[in-house]
Amino acid sequence: MLAALFAAPVVTAETRTDPPGPALFPAEEAVIARSVDKRRREFTTVRHCARTALAGLGVPPAPILPGLRGAPIWPPGVVGSMTHCAGFRGCAVAHAGDLRTIGLDAEPADPLPDGVLEAIALPAERDAVLAAAPGVPWDRLLFSAKESVYKAWFPLTHRFLEFSEAHVELDPAGTFTATVLTAHAGEPAGFTGRWLCRDGLLITAIAVPA
Ligand SMILES: CC(C)(COP(=O)(O)OP(=O)(O)OC[C@H]1O[C@@H](n2cnc3c(N)ncnc32)[C@H](O)[C@@H]1OP(=O)(O)O)[C@@H](O)C(=O)NCCC(=O)NCCS
């Protein structure tokens, strides 16, 4: 799936199951010592994906700990993004000399629960979603695109972004654009990304060249 959304020099790894065996570094173990099994499994498997992808960059295995506001701390010289949802764990990484930032989000391809669209969408976004042709859960896709925007945005700015602070336009051809309505000087004014709806999953992806 991720190979359809990212091109070299981005390296990706993904899985739809939690294979037995992958181990965590002690510092990672400490992060999830008190977590429920579901969280342990997604945390462990996505780090297995991350280490597989990092190996593709020639980067040796290393702990990937949550940093400021949960953003992953990548090995020096690496940018990346991770996602996990029911039935999918994935990671995309690149050398920082090639890419400035990456945003990746996966969601089940189901409509959002009642009331969530109103909470996450600007009026124009909600109108576009409600007018779009059936066949894709556009409301969930909008949500995912916004999550990808945040994951690409945060490592660059270290600033939280409300859902109302970016206007996302989804193109049925498989791309999207996001305009950050509140960008300060020096912050990214927007992003472009790609999306995919396949095999029960929605995936959105942003890769910003260095
Ligand atoms: C952080 C957030 C984006 C995660 O998305 P999610 O759909 O809940 O979960 P996913 O499984 O897709 O992604 C989780 C991974 O995102 C990464 N992540 C968490 N916080 C992050 C941050 N601040 N910046 C970048 N990546 C982050 C982590 O790798 C995390 O996995 P881990 O905890 O195992 O390390 C979401 O919980 C959130 O806080 N959203 C509010 C902000 C937002 O989206 N604003 C919209 C602006 S338009």
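Reply: Let's start at the end of the helix: α5 is followed by His158, whose phi is positive, near 55°. Helices here are DSSP runs of H or I with at least four residues, strands are E runs of at least two, and both are numbered from the N terminus. Before going on, a word on the source: this is a predicted model, where local features need pLDDT of at least 70 and side-chain atom pairs count only at pLDDT 80 or more, while totals for chains, interfaces and linings use all residues. Residues are numbered from 1 along each chain as its sequence is written, and side-chain values use heavy atoms, with hydrogens and water left out.

Now the helix itself. As for cover, 16 of the 20 residues of α5 are buried, where buried means under 20% relative accessible area, exposed over 50% and partly exposed in between, with a 1.4 Å probe and protein chains only.

On to the rings. The structure holds 4 aromatic pairs. Rings of Phe, Tyr and Trp (its six-membered ring) pair if their centres lie within 6.5 Å, and planes under 30 degrees apart count as stacked, over 60 as edge-to-face and the rest as tilted. Tyr150 and Phe154 make a tilted pair, 5.7 Å centre to centre with 50° between the planes. Both sit in α5 (residues 138–157), 4 residues apart, or about one turn of the helix. An α-helix has 3.6 residues a turn, so residues three or four places apart point the same way. Tyr150 counts as buried because its relative accessibility is 19%, and Phe154 is buried too, with a relative accessible area of 4%.

Tyr150 has another partner: its ring centre is 5.3 Å from that of Phe160 and the planes are at 65°, so this pair is edge-to-face. Since Tyr150 lies in α5 and Phe160 in the loop between α5 and β5 (166–171), the pair ties together parts that are 10 residues apart in sequence. Phe160 counts as partly exposed because its relative accessibility is 34%. Put together, Tyr150, Phe154 and Phe160 form one aromatic cluster.
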